[in-house]
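Please keep the sequence and the structure in view while reading.

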Amino acid sequence: ATTRPPDVYSNRTELHPELGLKYKNSRFKICCFFVTFALMPIDVILPKMGESVAEATITKWIKSVGDHVSEEESIVEIATDKVDSEVPSPATGTIIEIKFEEGQTAQVGQVIAVIDDGSTPSNQQQEPKIEQQAVDQIQSVEQSAEQIEQQIQQVQQSSDTSNLPTSSSGRFYSPLVRSMAKKESISLEQLDQIKGSGKEGRVTKKDMLAYIANKENVTTSVQNTAPTPKPVEQSTTSQPVQKEAPVKSYGSDVEIIEMDRMRKLIADHMVESKRVSPHVTSFVEADVTNLVKWRNTIKQTFFEREGEKITFTPLFIEVVAKALKDFPMVNVSVDGTKIIKKKNINIGVATALPSGNLIVPVVKKADMLNLTGITKTINDLVGRARENKLKPDEIQGGTFTLTNVGTFGNLSGTPIINQPQVAILATGAIKKKPAVIETPAGDHIAIRHMMYLSLSYDHRVVDGALGGSFLRKVADYLENFNINRDV
């Protein structure tokens, strides 16, 4: 559809301020074209991926503009923090626009692509033709405007200007430019040195305004025949010498591996944690013989009944959740000078990926789950983490983190706090060791299952008494595990 603005120039009479010329019945017709397409495109919105996820990075477009897609077919890969996921198409159709390039970041709720569902193919076919018509019309208007400008300048040039001073260079200046020069006390010689941006190098009103605005800095000579002095070259000794950054040479006997996106995120996260939190680590040794014997007794029955393997991890999660309820000031985060005490106990479990990277899925409200619920939840999260199928919200919102370094045969470790939390527990390898057993009948030595626990905590808010007491409580729960409990 096209619309035409009111012809405000019809029958218009204007009095030129300098020449006293009247222009009657001059019509300047400018046509504005607004093309309205009947297409009803479907927006592809970056979906909400969790309460704490506000943005995502476009990592790879699976489909391109012009590709046909089916409903629920993946069209783009996105990354939030450490999780890669895919966005499906909301409808069947053709991608007609991609609004974000690979590597750019989009906010949740923003349109990242547009799909035409094919409901109006005729309009889609006519679109290029209509667009070309609009371009042709715009070019025609521009040409008409240029011709009008030339006509005005010709009229001005042919008008009686004998009473006006003429430039010695023979350069033409419009009455408006001359008026501005007279008002600002700019001589014709100075005008001759102003570089014009108009047709054939003519000085325009815009050039005059720019010259006047910078008049104080203009140092052109009054006589246009005077040669322009060359700037005096400064001694090289006065110029600051900018040293180029040295190029590191690694030699030919090394292999250089660029960090992938996840490893870069992990590196930044760890460095930031050490910068923000003053880390302190406490250690304790626990006798987990009862826990080991109980698991060995029920693991086959549990698998047959629930279809899940029960490892030591859900047992550790259960114990940590109990200890956090006893010491709620460990279940906090820090915001400046504010301590944010969390009502929910959400325990993250550090999980090694096949790529060698690390991810921390979170068991939400762990204190509200029984052992079977914890086992199924953590098995599901860890399994999908290793297949890169976690949802962004499943690694968000943790209030405490557990890392099992014993999986790799390590006795203990000093883990780095997962910000913005204030503590992280590392469980070491369970080893059979001779230990002293105290009984009413006297002490004796027995072979026991022993393990080290280490707790790193943020000394800004967790002092040694609180951190040590919490760690001891975790060990007590493990040592006093009920060997006769039911699953």
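## Helix 5 and its cover

The buried residues of helix 5 are covered by elements that include strand 11 (279–287) and strand 16 (358–359). The model discussed here is a predicted one, and in it the buried residues of helix 5 are Met 262, Ile 266 and Ser 273. Seen down the helix axis, these buried residues fall within an arc of 40°, so they line one face of helix 5. The face turned away from that buried side carries Asp 268, Val 271 and Arg 275, which are exposed.

How does the length of helix 5 compare with what its 16 residues should span? At 1.5 Å a residue, helix 5 (residues 261–276) should span 22 Å, and the C-alpha atoms at its ends are 23 Å apart, which agrees.

## Asp 287 in strand 11

Strand 11, already named as part of the cover of helix 5, also contains Asp 287. Is Asp 287 buried or exposed? Its relative accessible area is 15%, and because buried means under 20%, Asp 287 counts as buried.

The side chain of Asp 287 is joined to that of Arg 448 by a polar contact of 2.8 Å. Leaving aside neighbours within four places in sequence, Asp 287 is in contact with Ile 437, Arg 448, His 449, Met 450, Leu 478 and Glu 479. Ile 430 stands 143 residues from Asp 287 along the chain, yet the C-alpha atoms of the two are separated by 9.1 Å.

## Ser 454 in strand 21

Ser 454 belongs to strand 21 (residues 442–458) and is buried, with a relative accessible area of 0%. Which backbone atom does the side chain of Ser 454 reach? It is the backbone oxygen of Gly 413, at 2.6 Å. Once neighbours within four places in sequence are left aside, the residues in contact with Ser 454 include Thr 281, Ser 282 and Phe 283, as well as Gly 413, Ile 424 and Leu 425.

In soluble globular proteins, nonpolar side chains tend to be buried together. The largest nonpolar core here has 55 residues, of which Ile 317, Phe 400, Leu 425, Leu 453 and Phe 470 touch the most other members. The largest share of this core, 9 residues, is supplied by helix 7 (residues 312–326). Beyond its neighbours within four places in sequence, Phe 400 is in contact with residues that include Val 320, Leu 324, Leu 425, Leu 455 and Phe 470. Another core, of 17 residues, lies apart from the largest one, and among its members are Val 87, Ile 95, Phe 100 and Ala 106.

## Gln 190 in helix 3

Gln 190 is found in helix 3 (residues 188–192), and with a relative accessible area of 18% it is buried. A polar atom of the side chain of Gln 190 lies 3.1 Å from the backbone nitrogen of Ser 187. Apart from neighbours within four places in sequence, Gln 190 is in contact with Ser 185 and Tyr 211.

## The protein as a whole

The protein holds 9 helices and 21 strands, and of its 487 residues 33% are buried. Of the contacts between residues at least 6 apart in sequence, 61% join residues at least 24 apart. The accessible surface comes to about 30000 Å², and 51% of that surface belongs to carbon and sulfur atoms.

Methods
Residues are numbered from 1 along each chain as its sequence is written. This is a predicted model: local features need pLDDT of at least 70, side-chain atom pairs count only at pLDDT 80 or more; totals for chains, interfaces and linings use all residues. Side-chain values use heavy atoms; hydrogens and water are left out. Helices (H or I, at least four residues) and strands (E, at least two) are DSSP runs, numbered from the N terminus. The expected span of a helix is 1.5 Å times one less than its number of residues. Buried means under 20% relative accessible area, exposed over 50%, partly exposed in between (1.4 Å probe, protein chains only). The arc is that of the directions from the helix axis to the C-beta atoms. Contact means heavy atoms within 4.5 Å. A polar contact is a pair of N or O atoms within 3.5 Å; within protein, one must be able to donate a hydrogen and the other to accept it, and residues adjacent in sequence count only if both atoms are side-chain atoms. A nonpolar core is a set of buried Ala, Val, Leu, Ile, Met, Phe, Trp, Tyr and Cys residues joined through side-chain atoms within 4.5 Å. Accessible areas come from the Shrake-Rupley method with a 1.4 Å probe; for residues, only the protein chains shown count as cover.
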